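Please open the model in a viewer and keep the selection tool at hand.

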Amino acid sequence: MAFTLYSLIQTAILCINAIAVLHEERFLSKFGFGVEQGVGGFGDDPGVKAQVLTLIRSVRTVMRVPLIIVNSASIVLLLLFG
Amino acid sequence: MDYTPTQSGFRQQPNMRLRNSSADGLEGSQLFEDTSGAAHGLQTGNQQAGPQAAGFTGQSMLSDPMSNLALAYGSSLASQGREMVDKNLDRFIPISKMKYYFAVDTVYVGKKLGLLVFPYMHKNWEVSYQQDTPVAPRFDVNAPDLYIPAMGFITYVLVAGLALGTQNRFSPELLGVQASSAFVWLVMEVLAVLLSLYLVTANTDLTTIDLLAFSGYKYVGMIIGVVAGLLFGRPAYYLSLLWCCAAIFVFMIRTLRLKLLSDAAAEGRLVRGTRNQLRMYLTMSIAAAQPIFMYWLTYHLIR
């Protein structure tokens, strides 16, 4: 499999987009990741589920604006250069 | 032609200075006409005046105060630029931290390569510390370094080119393709390990560069496998790859066990609890991913 650095960038953008579009109410509550169930304890064992939840939430908060910029840039570039 | 020994006092010095650099120049200009001398306004074919004039201008360049000033200004500008580059580069790539990983010597490299191929006899896998900072790799064979992975990566790309060449499938672009492909797999592996370490909430002191170093150690086994396959054919490739896979598996487990698991579990006692179990699974999967990558990145080279 011949990977290039460009495909790595593409993969990264697609994955972060995928994490960013997960809607909390419609989708994540069905899996028990909902908004009202916060991170339960502050003990030293958050568990895998709480970590995943924290990760998703933090990615969505942090990467929202840069994703807009990066996505618009890639749309423009793909339109121009195919 | 005529070499008048004392044409002027200058001739002695320029000839000595230019003797090493243009030893052929004198003979060369003897064989054909020295037309470059015309640019300096000298007579053509006058090869004695040629080096004399060059030496003369060389001397004057160093003694002229104006050019001394220019030299000093230029060197201060260069050092300023270098400071700025260093400062900005240090923000992205921590150069000072990298220097620790390249502080190796030949004895360390030899021992580490031996460990990578035969880790079964080594007893003490702990990294020794010196007042809270890990000791440089030069003094401790268990410390991770970046020299072997870097050299291994480059050697792997070259050996891949060699292997492709013996099958008449080589073209210079393929070298770049192999290099970027292997690099992408490496980056993805390091990111996956980082992600899983975050999810399991392992409190380790493993830095990203440590993980990069551990993931880079498999290139040694890959190179051994491919070279054995080139020299002795496919059975040798499979045998040596099997040996190196087992060796890397044991090496990774023994190294990561001390870093990832808690102290009790690391000593071999069975500790119950989901956290330790998760960490054990994580160690196992990191170690098991190495042979998979080793096979994946080399099987297309041996046909």
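Which side chains meet in a salt bridge with an N to O distance of 2.7 Å? Select Lys218(B) and Glu189(B): the side chains of these two residues form that salt bridge. The pair joins distant parts of the chain, with Lys218(B) in helix 10 of chain B and Glu189(B) in helix 8 (residues 172–199) of chain B, 29 residues apart. Side chains of opposite charge can pair when their charged atoms come close. Over all chains, the structure holds one salt bridge.

For chain B the mean pLDDT is 77, and 74% of the residues of chain B reach 70 or more. Colour chain B by pLDDT and select residues 6–29, where the value stays under 50; for residues 6–29 of chain B the model has 28 contacts beyond four places in sequence. Residues 38–47 of chain B also have pLDDT under 50 throughout, with eleven contacts beyond four places in sequence. Where pLDDT is low, the predicted coordinates should not be read in detail.

Next, return to Lys218(B) and display helix 10 (residues 218–232) of chain B together with helix 11 (residues 234–260) of chain B. The axes of these two helices lie 7 Å apart, and the packing angle is about 165°. An angle over 145 degrees counts as roughly antiparallel, so helix 10 of chain B is roughly antiparallel to helix 11 of chain B. Their crossing is right-handed. On the side of helix 10 of chain B, select the contact residues, among them Lys218(B), Gly221(B), Ile224(B) and Phe232(B); their counterparts in helix 11 of chain B include Arg234(B), Tyr237(B), Leu241(B) and Ile248(B). By class, this contact of helix 10 with helix 11 of chain B comprises nine nonpolar, four polar and two charged residues.

Continue along helix 11 of chain B to Ile253(B). Beyond four places in sequence, Ile253(B) touches Thr283(B), Met284(B) and Ala287(B). A C-alpha to C-alpha distance drawn from Ile253(B) to Ile286(B) reads 8.4 Å, for a separation of 33 residues in sequence.

Finally, move to chain A and select helix 1 (residues 5–20) and helix 2 (residues 47–81). How do these two helices of chain A cross? Their axes come within 9 Å and cross at roughly 125°, which means that helix 1 of chain A is oblique to helix 2 of chain A. The crossing is left-handed. Helix 1 of chain A contributes Ile13(A), Ile16(A), Asn17(A), Ile19(A) and Ala20(A) to the contact, while the residues from helix 2 of chain A include Ile56(A), Arg60(A), Leu67(A) and Asn71(A). This contact of helix 1 with helix 2 of chain A has nine nonpolar, two polar and one charged residues.

Conventions:
Residues are numbered from 1 along each chain as its sequence is written. Chains are lettered from A and ligands numbered from 1 in the order in which they are written. This is a predicted model: local features need pLDDT of at least 70, side-chain atom pairs count only at pLDDT 80 or more; totals for chains, interfaces and linings use all residues. Side-chain values use heavy atoms; hydrogens and water are left out. Axes are lines fitted to C-alpha atoms, for helices over the stretch in contact, and angles run from 0 to 180 degrees between N-to-C directions. Helices (H or I, at least four residues) and strands (E, at least two) are DSSP runs, numbered from the N terminus. Angles under 35 degrees count as roughly parallel, over 145 as roughly antiparallel, 65 to 115 as roughly perpendicular and the rest as oblique. A crossing is left-handed if the near helix is turned anticlockwise from the far one by less than a right angle, and right-handed if clockwise. Contact means heavy atoms within 4.5 Å. Ala, Val, Leu, Ile, Met, Phe, Trp, Tyr, Cys and Pro count as nonpolar, Asp, Glu, Lys and Arg as charged, and the others, Gly among them, as polar. pLDDT is the predictor's confidence in each residue, from 0 to 100. A salt bridge is a side-chain nitrogen of Lys or Arg within 4 Å of a carboxyl oxygen of Asp or Glu.
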